[in-house]
Amino acid sequence: MPADIPLGKASPSPDVYAPEVLCAVPRASGRAALGLDAALPFAGEDVWNAWEVTWLEDGGRPRVAVAVLRVPADSPNLIESKSLKLYLGSLAMARFGSADAVAARIAADLTPVAGKPVVVELSPVFSVPARIDELPGDNIDGEEVACDRWEVDPSLLVRADNEIVEETLHSHLLRSNCPVTGQPDMGSVLVSYRGPRIERAALLRYIVSYRRHCAFHESCIERMWVDIKARCAPQRLTVYGRYTRRGGIDINPFRSDFETRAPNLRLRRQ
């Protein structure tokens, strides 16, 4: 973990444009613990929704927008979330000729931090869809289970049988903890697969076992993907986490070996 990240520290909010506050967190150390190397077994992206983006027009009138940032899963670094919040806040008194110029500036600043091109889309707040989405597939939160594992335990994952099925399951009971501050991160998780049927109660117990686990959002979802693949041997697998907001930003990691782009669903808690 880089020692100079602002997360967990008192950090003044810059009132002038400050791209230098952005911090990279290498993915390599977390992936090495999962047995992953540069040849990743999955593709995907981290979808960040930033709800508090504002800047000034050339004439000084403020503009506001919602930003969608798409960071490739194969980028060498993730962007530390508090540094992103501070960076976006530093745009508040900067002047831009258009929203497109703002999006281009954000993409140009984030790309070298991530190490791969970051796609940025800005939408005026009045054009953001008001609908609330539901995760597809079957919700497994009603499964009758006794939960007593509070640190990740992949041995909980088992096949129900060897019948090959294609299904999508989801849970809203995901809770993990920030590895820097220890504060809880709440979210929902979707598992879509084709392969031997996964025991639903077992999958739920496994998801619940993250309750005291300390890791960034991205690492949690990658660990889920790796564990399910190893224990249940699906022929194809997607794991998608939708986390609640912190500091006006929600982070949504998407990992798959048969899909590449995540649908940017907005759930009730988001």
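Biologist: Is E52 buried or exposed?

Modeller: This is a predicted model, and in it E52 is exposed, with a relative accessible area of 53%; the cut-off for that class is over 50%. E52 is also the partner of K85 in a salt bridge, where the closest N and O atoms are 4.0 Å apart. K85 itself is partly exposed, at a relative accessible area of 39%.

Biologist: Which parts of the chain does this pair link?

Modeller: It links distant parts: K85 belongs to helix α2 (residues 81-89) and E52 to strand β2 (residues 43-56), 33 residues apart.

Biologist: How many salt bridges are there by this rule, and which residues are linked in a network?

Modeller: The count comes to 25 salt bridges. R27, R31, D46, E222 and R255 are linked in a network of them. D148 and R205 meet through their side chains at 3.0 Å, N to O. D148 sits in the loop between β6 (138-139) and β7, whereas R205 is in helix α4, 57 residues apart. R205 is partly exposed, with a relative accessible area of 23%.

Biologist: What does the salt bridge of E163 and R197 tie together?

Modeller: Their side chains meet at 2.6 Å, N to O. E163 lies in strand β7 and R197 in strand β8, so the pair ties together parts that are 34 residues apart in sequence. Both ends are partly exposed: E163 has a relative accessible area of 46%, and R197 one of 26%.

Biologist: Which strand pairs can be followed bridge by bridge?

Modeller: Strands β7 and β8 run antiparallel and are joined by 13 bridges; S171 stands opposite V189 in β8. The hairpin of β7 and β8 has six residues between the strands, and G182 there takes a positive phi near 80 degrees. Next, β8 and β9 pair in the antiparallel sense over eight bridges, and R194 has R236 in β9 as its bridge partner. Eight bridges also join β2 to strand β10 (residues 249-256), again antiparallel, with G44 opposite R255 in β10. As for burial, β8 is mostly covered, with eleven of its 15 residues buried.

Biologist: How is the packing of α2 and α3 described?

Modeller: Two packed helices are described by the angle between their axes and the distance between the axes. For α2 and helix α3 (residues 99-114) the angle is about 145 degrees, and the axes are 12 Å apart. The crossing is right-handed. L84, Y87 and L88 in α2 meet R105, I106, D109 and L110 in α3.

Biologist: Finally, which residues have the most contacts inside the largest nonpolar core?

Modeller: They are L174, L203, Y206, I207, M224, I228 and V239, in a core of 32 residues. The elements giving two or more residues to this core are β7 (159-177), β8 (184-198), α4 (200-208), α5 (217-232) and β9 (236-243). Of these, α5 gives the most, with seven residues. Leaving aside neighbours within four places in sequence, M224 is in contact with L174, V189, Y206, I207, Y210 and V239. Apart from this core lies another, of 28 residues, among them A67, F96, L110 and I249.

Technical notes: Residues are numbered from 1 along each chain as its sequence is written. This is a predicted model: local features need pLDDT of at least 70, side-chain atom pairs count only at pLDDT 80 or more; totals for chains, interfaces and linings use all residues. Side-chain values use heavy atoms; hydrogens and water are left out. A nonpolar core is a set of buried Ala, Val, Leu, Ile, Met, Phe, Trp, Tyr and Cys residues joined through side-chain atoms within 4.5 Å. Buried means under 20% relative accessible area, exposed over 50%, partly exposed in between (1.4 Å probe, protein chains only). Helices (H or I, at least four residues) and strands (E, at least two) are DSSP runs, numbered from the N terminus. Contact means heavy atoms within 4.5 Å. Two strands pair if DSSP finds at least two bridges between them. Axes are lines fitted to C-alpha atoms, for helices over the stretch in contact, and angles run from 0 to 180 degrees between N-to-C directions. A crossing is left-handed if the near helix is turned anticlockwise from the far one by less than a right angle, and right-handed if clockwise.
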